[in-house]
Number of protein chains: 2
Amino acid sequence: MSHGWETIRADVLRRIQAREWGPGATIPSEEALSREFGCARATVGRALRDLAATGVLERRRKAGTRVALQPVRRATLEIPVIRQEVEGRGQTYAYRLLADVMEQPPLPVLLRLRLPAGVALRHLTCLHSAVGQPFVYEDRWLNPAVLGGQRPDFAAQSANEWLVANMPYTAGDIAFSAAGAGADDAAAFGIDPGTPLFIVERTTWTADTVITCVRLAYMPGYRLRMTL
Amino acid sequence: MSHGWETIRADVLRRIQAREWGPGATIPSEEALSREFGCARATVGRALRDLAATGVLERRRKAGTRVALQPVRRATLEIPVIRQEVEGRGQTYAYRLLADVMEQPPLPVLLRLRLPAGVALRHLTCLHSAVGQPFVYEDRWLNPAVLGGQRPDFAAQSANEWLVANMPYTAGDIAFSAAGAGADDAAAFGIDPGTPLFIVERTTWTADTVITCVRLAYMPGYRLRMTL
DNA sequence: TACGCAAATATGTCTGCACATAATCCTGCC
DNA sequence: GGCAGGATTATGTGCAGACATATTTGCGTA
């Protein structure tokens, strides 16, 4: 009857979609299902665990497995390096460093990085282009301590790429918003101040040290797409 | 030594972060690791599979398991019903239906829904408020066929909530962008046209039928946050 | 009635084993 | 040297059984 746990997952999902098991209903136990499908309990468990991970099912010991009442839509967003995003669309990518200075960051940045006042950080601004057109204007604050003696050439390699290669597997958070172009943004893109721009702000850190805090302003009209 | 596959996952991750196994390096086989950890191969497999799912490892049969060279950042975004998003912050939620008519959608909507020209859809506009302030202005096109004889009262229950309850587990895509407030948006929020707004556009369908296509305009200053 | 403890139960995890599958590696032939 | 095809090998999946753990349920008692 079945070739594999994916078949079982598909069948369970089908029954849910067909309302055979309605929202909130408790579905049969792993044991019962394994008898029905003629396979081991572990195999059913694998299928149900996967559906629970995507939010379709909710499982609790002893209480059993039930169809989620308000299925939370979960979407996984893959955040590529900007170079890859551009080249993945078959366009030519270019990068230019605009500024690289040590200075004290403004208060909001300090708060987000949980740093005391008076600390100086490396402040980088740069421009990513696709097909010669400005694509993303980047404004980054970097903790110089993470360089650890190395002196990467941020004019040649973007800080983002250096970080993925040298400080990978970090924790962080990310926020999306819309904002009117500031003076810097307007100059970078050659547009009027106030033009709506899509903004991404990221903060990353390891267990003990803050690494970087970056604001990315995307070209007017940019859309970030993902699949549910 | 080990209490469970999560311990093993943590230890493997630690070694990767400590550069014991650098980016691109092939790590020992499941067999070797299971001997080292003193557990069954399946247990190691579970840990490595999980790390592969989060993008830290790349696995291929026969080739073995290697540390991802360019670890793709994956973030999982949970998309809540707007009511839950507001109430989850301890704020009072209110909903008001502004319009509900049958009409022919504009071309971009038809294209996204892959419908032929001339089809009429149900066009709903409504406003979600938090603490009495406009929070989201919603502009939705709904395929009337999915109602299937039911006549939900969209003045009392938002179309979104009706859909999660009655047409759950659908496929779809979602896009984020920034746009200047149009006339409708400006009227809904009481702001100047052109004010930058955060826009979410969603299209959902089942295997065979298109369900709905919605544009959500969030209040000025809204930030969508997620954790890496 | 209310409360607390014990039994029952469904999921969570682990073990050991087996076979399937996909790549790579290597050998031998041309 | 180059190529085809088989041997090798690491992961992918499955099975059966066992024990761990979290809850619920129900029973007995205050």
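Buried, in what follows, means under 20% relative accessible area, with exposed over 50% and partly exposed in between, using a 1.4 Å probe and protein chains only. Helices (H or I, at least four residues) and strands (E, at least two) are DSSP runs, numbered from the N terminus.

Now the conventions. This is a predicted model, in which local features need pLDDT of at least 70, side-chain atom pairs count only at pLDDT 80 or more, and totals for chains, interfaces and linings use all residues. Residues are numbered from 1 along each chain as its sequence is written, chains are lettered from A and ligands numbered from 1 in the order in which they are written, and side-chain values use heavy atoms, leaving out hydrogens and water.

Chain A first. Seven helices and eleven strands make up its secondary structure count. The C-alpha atoms fill a box of roughly 65 × 40 × 30 Å along the principal axes. Of the 228 residues in chain A, 44% count as buried. Contact means heavy atoms within 4.5 Å. Among contacts in chain A with a separation of 6 or more, 55% come from residues 24 or more positions apart.

Next, helix α6 of chain A, residues 159-166. Six of its eight residues are buried, so the helix is largely enclosed by the rest of the structure. Which residues of α6(A) are buried? They are A:Ala159, A:Asn160, A:Glu161, A:Trp162, A:Leu163 and A:Val164. The cover over the buried residues of α6(A) includes α4 (82-87) and the strands β5 (93-103), β6 (121-130), β7 (133-142), β9 (196-205) and β10 (210-218), in chain A.

Strand β9 of chain A also holds A:Thr203. A:Thr203 is buried, at a relative accessible area of 2%. Leaving aside residues up to four places away in sequence, A:Thr203 touches A:Arg112, A:Leu113, A:Ala171, A:Gly172, A:Asp173, A:Thr212 and A:Cys213.

Last, the two copies. Chain B superposes on chain A by a rotation of 180° with 0.0 Å of shift along the axis, at RMSD 0.1 Å. That is the relation of a two-fold axis. The same surface serves both copies, since 100% of the contact residues of chain B recur in chain A. The superposition is by least squares on the C-alpha atoms of residues with pLDDT of at least 70 in both.
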